[in-house]
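The sequence and structure come first.

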Amino acid sequence: MGEDLPPLLEVKGLTKSFPGVLALRGVSLHLKKGEVLSLIGENGAGKSTLMKILAGVQPADSGEYLIEGGPVNFQNVRDAMNRGIALIHQELNLASNLDLAANIFLGREPNKKGIIQDNEIREEATKYLQRVGLDLPTDTITGTLPIGKQQLVEIAKALSCDARVLIMDEPTSSLSQKETETLFEVVKDLKNQGISVIYISHRLGEVIELSDRVTVFRDGENAGDLAKEEINHENMVRLMVGRDLSEFYDRQIHQPGKTVLQAREIISPAYSTIPVSFEVRAGEIVGIAGLVGAGRTELLQTIFGVTPALDGELELDGKSFRPQCPADAINAGIALAPEDRKQHGLVLPMTVRENSSLPSLERDQTKGFLNHEAELKISEKAVEQMQIKTPSIEQIARFLSGGNQQKIVLGKWLAMNPKLLMLDEPTRGIDVGAKREIYKLMEKLAGEGMAILFVSSEMEEVLGMADRAYIMHEGKISGELDRNELSEESIMNLATGGEKTAA
Ligand SMILES: Nc1ncnc2c1ncn2[C@@H]1O[C@H](COP(=O)(O)OP(=O)(O)O)[C@@H](O)[C@H]1O
Ligand SMILES: [Mg+2]
């Protein structure tokens, strides 16, 4: 194959906007035959948007899309499929009540004189299932298979449509370690068969293992490309966040003070047989890592009194306490910025002023009277301190960006000067600039002696921010890692049920 052949697939200067968002601002990307290209970037960088354009799910606003050097203009998924481009969906697209053969050939059963040839379908289906390493009878009902196997069926289906390019958008986000390994074997096999893959993942370890090349997006633009020999953790993160890691997270290590929160064998209602013990000290930033569903949010909610502990002991500043509702926790000096700030952290139809003063007024108000002067003072201080970008404190919270909404949530909690600040996915869905401000704030608060406990699914965030982390797996704390023990591998290992190994 000559090096001067045009790439199998190429886009140049693509733009795409949604109401209020410029999701892609002139991005370019190319893919060669038999290549595994990883596309990485923070949440909201525009990765999925581009993949949907490549697969004909949605059109671009402008820019070029070329296959083997010739321009294409896909109107729908079928057009893309006809040129061999297949998107393996994050939410799988299979009919769960049909068997494997039916799913693979759904809508295009081979037939002779109008009669569907069942034998033929099953033979063909078996062939494609074998190509993805699935040794299963073709009459297996699809919905009975675990998610990882269903994903392989979806890949088999794409192959049966002569796919030359497979697009996988975060395929491992809901897979077990074992399923992930199987998927990797399949991807490597397909590559050897000349199939090209565009792979999207937040797990940089996976990207290092699989990729021939990496393209990085940041805020809807190309941030850089890495050739095989340049692919490493540092380079990827630097391109994703646009600056050196140490500068982005900017942590200083504080000598931790006295224990602020001590949990001894507490039991959350969500995991009624699993006692959990941990502590957070003054001036410490402690992370809780784990896969989605590991019980991290439930743990914070138990400490916050949303779902009171069934058993065990909690101590705050050395005094025993047992929050039965959030007001108890707030009164004791605990704040929680929840995962879903739109649902629990903010009252969207209310103004910045009203939102930022809610919890401290709950504490201070006398006999149901809202103290308006106090309210004004608190919210003005919050806007200034947190650098909330809003036209005025009378702006309705709904109309602010995610980053500014999160700053309101934090601002309102800080107004009550908590001893322990708990953050659940503090930067989910917010842009890089606002992220950095939130990290700076966490650092500043810890420097002032606040105890901070945060849950994060973003490995980078845990590695960058935590002095120490607890890793959860299926409701229990499977290990504790010091800053110098924290790595993507050590976290993943414990998060997927492995044991802590000596460093
Ligand atoms: N259908 C849509 N409607 C409105 N906004 C969208 C839509 N799809 C994506 N966006 C926005 O476009 C930006 C890029 O999103 P996305 O491509 O999903 O990023 P990524 O996959 O890199 O996390 C985000 O700001 C997102 O909110
Ligand atoms: Mg995405």
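## Surroundings of ligand 1

In this predicted model, ligand 1 is surrounded by F18, V21, A23, E42, N43, G44, A45, G46, K47, S48 and T49, each with a heavy atom within 4 Å of the ligand. At least two residues of this shell come from β2 (21-31), and at least two from α1 (47-54). The largest share, 3 residues, belongs to α1. Helices (H or I, at least four residues) and strands (E, at least two) are DSSP runs, numbered from the N terminus.

Oxygen atoms of ligand 1 lie 2.7 Å from a polar backbone atom of G44, 2.9 Å from a side-chain N or O atom of S48 and 2.5 Å from a side-chain N or O atom of T49. On its own, ligand 1 has 560 Å² of accessible area, of which the protein covers 61%; the areas come from the Shrake-Rupley method with a 1.4 Å probe.

## Helix α6

Helix α6 (residues 177-192) has 16 residues and spans 23 Å from its first C-alpha to its last, close to the expected 22 Å. The expected span is 1.5 Å times one less than the number of residues.

The buried residues of α6 (under 20% relative accessible area) are E179, T180, L183, F184, V186, V187 and L190. Seen down the helix axis, they fall within an arc of 165 degrees, so they line one face of α6; the arc is that of the directions from the axis to the C-beta atoms. An α-helix has 3.6 residues a turn, so residues three or four places apart point the same way. On the other side of α6, K178 and N192 are exposed (over 50%). The elements that cover the buried residues include β3 (36-40), α5 (147-160), β9 (165-169), β10 (196-200) and α7 (204-210). Just after α6, G194 takes a positive phi of about 90 degrees.

## N404 in α15

N404 is found in helix α15 (residues 402-414). N404 counts as buried because its relative accessibility is 8%. Apart from neighbours within four places in sequence, N404 is in contact with Q387, I388 and K389, where contact means heavy atoms within 4.5 Å.

## Conventions

Residues are numbered from 1 along each chain as its sequence is written, while chains are lettered from A and ligands numbered from 1 in the order in which they are written. Local features need pLDDT of at least 70, side-chain atom pairs count only at pLDDT 80 or more, and totals for chains, interfaces and linings use all residues, while side-chain values use heavy atoms, with hydrogens and water left out.

Conventions: Buried means under 20% relative accessible area, exposed over 50%, partly exposed in between (1.4 Å probe, protein chains only). A polar contact is a pair of N or O atoms within 3.5 Å; within protein, one must be able to donate a hydrogen and the other to accept it, and residues adjacent in sequence count only if both atoms are side-chain atoms.
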